[in-house]
Amino acid sequence: MSTINRSRRVAAIGALAALALGATACGSSGGNPLDGGAGASASAGGSGGSGSTVVVGSANFPENVLLGSIYSQALKAKGVKVQEKFNIGSREVLYGQLQSGNLTVLPEYNGSLLAYLDAKSTAVTTQDVNAALTKTLPAPLGILDSSPAEDKDSLSVTQETADKDNLKSIADLAAKGGEFTIGGPPEFKTRREQQLKDVYGLTFKEWKPTADTTANALKDGSIQVGNVFTTDPKIAQYKLVPLADPKNIFGAQNVTPLVYKAGVDATATAALNAVSAKLDTAGLTALMKRVSVDKEDPSAVAKDWLKSNGLG
């Protein structure tokens, strides 16, 4: 996801959520990435020191819980002692807990993490974003290998619209944008309208605040262009077409392990990097269909994926 939508999903949740991190409780994942809320589940006791328990955390939205479970089970398969603390809440809480060593590993999105740490950064490619993160992160923290999997913004259209108007990239919208209604999160217009005009020369007939119903609005024709996240299972379900972004207004958002460096040894590092090597956007989207649409248990879905990739 882009800086904009990750920012949309980052909401400070206060001291109650911070306290909830230390509790052991079960919570169902839901809502938007890095929104408010708290909950945790534990499979072993301990803290995240090197040679002891690795504490894997997650934000409180389904994809991050799934990724946390993948990390956790991959570590366990290599004999690492793991404690799970999932459904915690926003990046504000997660980052502070990782920095203090109360958490050891988080599934992060590199572009959003960089925007959180340095709102003025202009890095957009995976390589540049990770180089900037390496310089910006405080000494106790580090990132491991980024996966090819990205959960980022797209401007998407239906297959019918793509075929009819020969749309393959955002640049192709310049000739048709004035006839189209675009939908997305309520703040999408404020944050992206000028950028789309400046970079791609785009203007639209109307902007609609469609929020989480954007894919549905594309399907029913109430909008013609929508800001849809690239791992949304509805892209495949509704046969939507995310348009290419050759000028990179939606920068890299690779799934990347963020770690408390003192808490991960060579075995843990290798296990997490092996996950990153296998995880791609198409695969993550397929997994999210099982979790969000088919309502399968994230832990079971994670186990299947690890086994099929020789990691579990």
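Me: Which residues have the most contacts inside the largest nonpolar core?
Reply: This is a predicted model: local features need pLDDT of at least 70, side-chain atom pairs count only at pLDDT 80 or more, and totals for chains, interfaces and linings use all residues. Residues are numbered from 1 along each chain as its sequence is written, and side-chain values use heavy atoms, without hydrogens and water. A nonpolar core joins buried (under 20% relative accessible area, 1.4 Å probe, protein chains only) Ala, Val, Leu, Ile, Met, Phe, Trp, Tyr and Cys residues through side-chain atoms within 4.5 Å. The largest has 54 residues, and those with the most contacts inside it are Leu66 and Leu75.

Me: Which helix gives the largest share of this core?
Reply: Helices here are DSSP runs (H or I, at least four residues), numbered from the N terminus. Seven residues of the core come from one of them, spanning residues 62-77: helix H3.

Me: How are H3 and H13 oriented to each other?
Reply: Helix H13 covers residues 298-308. Its axis and that of H3, lines fitted to C-alpha atoms over the stretch in contact, lie 8 Å apart at about 50 degrees. Angles under 35 degrees count as roughly parallel, over 145 as roughly antiparallel, 65 to 115 as roughly perpendicular and the rest as oblique. The two helices are therefore oblique.

Me: Is Lys76 buried, partly exposed or exposed?
Reply: Lys76 sits in helix H3. Exposed means over 50%, and partly exposed lies between the buried and exposed limits. Lys76 has 36% relative accessibility, so it counts as partly exposed.

Methods. Axes fitted to C-alpha atoms, helices over the stretch in contact; angles between N-to-C directions.
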